[in-house]
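My notes follow the structure.

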Amino acid sequence: MNRTRFLSTLIGIFSTAIAIASGALVLAGYFFAEQADGQASLLTNIRLTLLQWAIILAGFAIFIGIFSLFLVHFKKIQKKEKGSVYSILLIISLLATFLFGLVKPGQVGKVFTTVQLPVEASLMALLTVTLTYASIRLLRRRLDLFSVIFLLTAVLILLGTAPLPFLGNVPGLSTWARPFISHVLAGAGARGILLGMALGTLTTGLRILFGADRPYGGNK
Amino acid sequence: MAGVLCPKCGKSNPAELENCKYCNAILTPNPASTPEAVPDQRLPLEPIPSSSSDSSGELPDWLSGLGKAASDDEEEIPDWLTSLRGEEASTSASESAATLEPTLNFTGSLSAGPGGKDWMARLANKAQTETPENAPEGGLQGEGESLDWLESLKSDSATPGQADQLSSPEDNEWIPAWPPGSPAGLKENKPDSSEEEYLPDWLSNLKEKATESETAPGEKDGTSAGSEKPGQVSNFGSSPGTPEAATGESTPEWLSNLEAKTGPELAMPARGSNGEIPASGAARNGTPSWLSQFQADANAAAEQNAKEERFEAAPPAPAKENGNGPLPDWLAGIKGSSTTSDGNPALIANKEGPAPQEKDDEAFSLEIPDWISKLKPEQEGEKIPEADAEPATTGNLAVSELPSWIQAMRPVESVVAEAKATLHDKPQVTEQNGPLAGLSGVLPVGPGLGALSKPPAYASTLQISDGQQRYAASFDRLIASETEPQEVKRTSLVSNRLLRWLIASLLILAVVLPLITKIPITPASTLQMPEMVKAFNLIDSLPANAAVLMVFDYDPALSGEMEAAAAPLMDHLLFKGPRLTLISTSPTGPALAERIMHEPNASPLVAGHNYQTGQQYVNLGYLAGGSSGVQFFAISPEEAAPFTMDGQPAWQLPPLQGIQELKDFGAIIVLTDNADSGRVWIEQAGPIIDNTPMLMVISAQVEPMILPYYNSGQIKGLVTGLVGGLAYGQVFLRPDGQTGLAQRYWNSFSAVALVAEILIVVGALWSFATGWRTRRSKAGEGV
Amino acid sequence: MNLPANFSANIVDLITGGISFLLTLMVLSYLIGDNPAFRVAIYIFIGVGAGYVAAVVWHQVLDARLIKPLFSGSLADRLLTVVPLVMGLLLLLKLSPRTSRLGTPAMAFLVGVGAAVAVGGAVMGTLFPQTQASMNALELSAAGNYWLERLSEGVIMLAGTVTTLIYFHFGAKATATGPQRSKLVRVLSRVGQIFIAITFGALFAGVFVAAMTALIERWNFIITFLSTL
């Protein structure tokens, strides 16, 4: 029991050290990218190496995710749960596509355009009906100032974006209102959101680099 | 007849006996044969096995030692003790049992009550007029009687209530033989001088005090008995080893307090319950009268104890026994507080008359500790001094004293009845009810407090009112309804589905009709967004054969919009003959890039240029790692994407000739439908590309989030959605006049947009009115 | 019988087109209600998509950056490749709960590098430029005759940016009735909330337009396919 705990603690400390060290090296490369003669500094080379390793590990992570999807549906078939027939279809299509891609990497794109693209596009098309239905029911579910502003803005943008049949663009709406709303009002809000996101990214990143946050499972 | 003193216990035995009837020791003729041989008063009444012939071996060592010491030192018996023995022998059996009020202290040993003072006085008198020969003959009898009470104590422990039964002298063998070698001393009632050295200090002190004490009237009755056995019973005054026992000078405070409380209620057998007090010892088998009285009291006390469980007032102390057996003075002297309040030990302090009759027969019962029987209400103690004058003559049992907290628990009626039956004639207010019921002299309840009443008796069952039952029933129904599945209103489901079908039908109709009829219902847009114009200008300013990096970071779901938006720009670009480098941070990006480059259905304008991979363009494929990969590519494109999608070395191909860094490209065009992807490219590649312009072709859904970057100058040009693509196509007119998908979608686009706007506005107004009416009706119901 | 040269291609196109058509109809059938055809199309889509991604990742990441350098690269390349190989294998141990602990160092490396890249990009790519742009919004040197319009736009943009940031400030002081923000902050955050509502309304309109375009594209495909039959 003590050995296991010791090992866990050791792994946690080691992981934290790796995270801090790798992050510090990459961040340092931002500020010490070049030498005096314009050549790439050692930190830049280290940074590139670490980034390459990160790319490879990202590929591993995607592979692990797909394998996990396979395991889930495989177990579902083993247990003969409800809907396991669909899981059989999923596993068959997954294996078939993967094997076809391994054998014929240049032709696998055809499979993509034949199956994946039309289904995804169709799902996006369904969204039109859903969004229309949701915007009709919005004021019934929630009636306040912000809901009204939200819906009013959406209608104005829509009116200013698409011209009316037989009439064309609505004067004033397409030329002034819509650009003002999208560029100024919405743009101001979007800039505030972007700044907030950047500040949050900065705070969270620094907490990880200082070891205060350990989302990867290191010991506290 | 002269008796033989036991050498061991010192008690007087008949001469014809060979073994001591008390300790079964072998009796030897005592040369002195002095009736003054008084057994050592130090010895406590401890049972000694009577069956054994060799009792000496069974006696405790200390008792045996005492007996031997006594036998060896008979000449050391003090005169007072010897005289006491003589006096005891002359005591008649008609001693009043009232004088015998032995009390049991907490150790169980008897202590001489007020009557004990008599024998102490006699001891004192004897010491002064020491004439062992003058010991009355009755002393022997008295001694025998004194011994017999011990026997009766033993028998009473087995058969309570049989006060009339007297134990045989042989049963008294448990009584230690004391003093040794003086078996006749008890009868002769002569103190054995040889025992003097065995007297403890406390006993000596008692002797001293006994000279100062008065002789109580009742002492005569108990004198003989009390003087017979001063040795045995003297220890009853206190437990061995106690300071009081050692000094004999003061009664223990607890004892004095107890006796102050109990007073006349000291362990005194209920005379009334058992009728007459058993006859004196003279009428029995030689049992002293005081002992017999003691027995009778003990039996009566046992019965009274059962009555007192109801916390009734103890019956008044039994009257002084008239005609009962004489009690030794020391026992008769054992009485209540009035006798011991002065602090003197109970044995010698009480010079007063016999204490009022008490009901505390428990004192004489070996089974019931005396201290329990002494626990009487304090108010009773107040009556004790008053009752002292008459208990000897009235014969009434004294009211037992109950503690106040016990009295409070008594039933009101019994307390009230007792209160009425009190002997006190004082015109005091007796409380009728409440916690003070039965008490007199209580301050009346003040005005406003109301009359106290008997506390109501609450039933053990839960009392539920009708209202509470209704609430409980409704709550129960509420909980039961939670577990029941509610019926889904089919009307709302149907209405929702119908509404959805209606919306879908209208929208699809608005899409399909223009596509099928190809009727231009919508005039071309004349809008020229500034960002789109800038993009156009940038593309137009690119030199021929410029290296252009194109990033395909959109999903297949919005491929229709993106292809429609990007096609005019790409068509315009391809007319410049650039060297294209395609890359994507999405796994599906390379395939989408290939589609737009070659698929006529996707983009007939771009496909028409028939760009060849490896020649005019290079597809670097998928760049993993997200922002890390973009930064890697931005710093070192060759290391980040060394191969093409086909696996060929990319950086040796013509499209990438002379390209080493990102800023070597003439333009970077990012096609994205995701705000995060666009932001990543702006953040990672923007600081590195320096003057290389970055353009974006985006979906309409990310326009608000990408516009700030355009406004900040990080993006030089922007083409947004179908409208932007159409506008770009209207700006860049192809020589052959061919138009792209945007133009094909335009009529349907405007029709669907109009239908959607109408549905949204009408539906929102209807929902608003419905919701407002519902809320108003709910508010009205709430009022 | 001589078949056209592009007959096979046409056949393939016909088949693939037919499959796409069928799948499109199966997905659009959801408008009527949930049905097995829709579920079949979705599950096939997921399987094909996962398989396609796995194939792309294998070819363009693992094989190109790991396998080939490990077997045919230089010594330095091999040594440098061993580290990600080991870390990748440790990452694979994350699949099992018993051995997931051993994959923590690899995850830590990914998180550390990603955090550093994100921090650098946020600061250099968004924080500084957008702050600069907010200040430059009131610059009227290039406005010309439209200075008033430019000024008003700049003021509104600045106010919108600041109030939006204030809305996301959740610091509060302890009061008797509980933690509360100051009155000024509450008023300003209310204004920021209005700007955020406008922004979300614009985003909603953009999503709606994109969905409409997708709907048009799909029905265009259906009509085109049917017309080619």
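I count a residue as buried if 20 or more other C-beta atoms lie within 10 Å of its own. The model is predicted.

Entry one: a covered helix. I looked up α30(B) and found that nine of its nine residues are buried. The buried residues run from Glu703(B), Pro704(B) and Met705(B) through Ile706(B), Leu707(B) and Pro708(B) to Tyr709(B), Tyr710(B) and Asn711(B). Gly713(B) follows α30(B), and its phi is positive, near 90°.

Entry two: chain B against chain C. I found 44 residues from chain B and 37 residues from chain C in this contact. On the side of chain B, the elements that each supply at least two residues include α22 (490–517), β7 (617–622), α30 (703–711) and α32 (741–782). I sorted that side of chain B by class: 26 nonpolar, 14 polar and four charged residues.

How do α6(A) and α6(C) lie to each other, and at what angle do their axes cross? The axes come within 8 Å and cross at roughly 115°. Angles of 65 to 115 degrees count as roughly perpendicular. α6(A) and α6(C) are therefore roughly perpendicular to each other. I noted the crossing as left-handed.

I then listed the residues in contact. From α6(A) they include Ile181(A), Leu185(A), Gly189(A) and Ile193(A). From α6(C) they include Phe195(C), Ile198(C) and Ala202(C).

Note on methods
Residues are numbered from 1 along each chain as its sequence is written. Chains are lettered from A and ligands numbered from 1 in the order in which they are written. This is a predicted model: local features need pLDDT of at least 70, side-chain atom pairs count only at pLDDT 80 or more; totals for chains, interfaces and linings use all residues. Two residues are in contact if their C-beta atoms, placed from the backbone, lie within 7 Å. Helices (H or I, at least four residues) and strands (E, at least two) are DSSP runs, numbered from the N terminus. Ala, Val, Leu, Ile, Met, Phe, Trp, Tyr, Cys and Pro count as nonpolar, Asp, Glu, Lys and Arg as charged, and the others, Gly among them, as polar. A residue is buried if 20 or more other C-beta atoms lie within 10 Å of its own, exposed if 12 or fewer, and partly exposed in between; C-beta atoms are placed from the backbone. Axes are lines fitted to C-alpha atoms, for helices over the stretch in contact, and angles run from 0 to 180 degrees between N-to-C directions. Angles under 35 degrees count as roughly parallel, over 145 as roughly antiparallel, 65 to 115 as roughly perpendicular and the rest as oblique. A crossing is left-handed if the near helix is turned anticlockwise from the far one by less than a right angle, and right-handed if clockwise.
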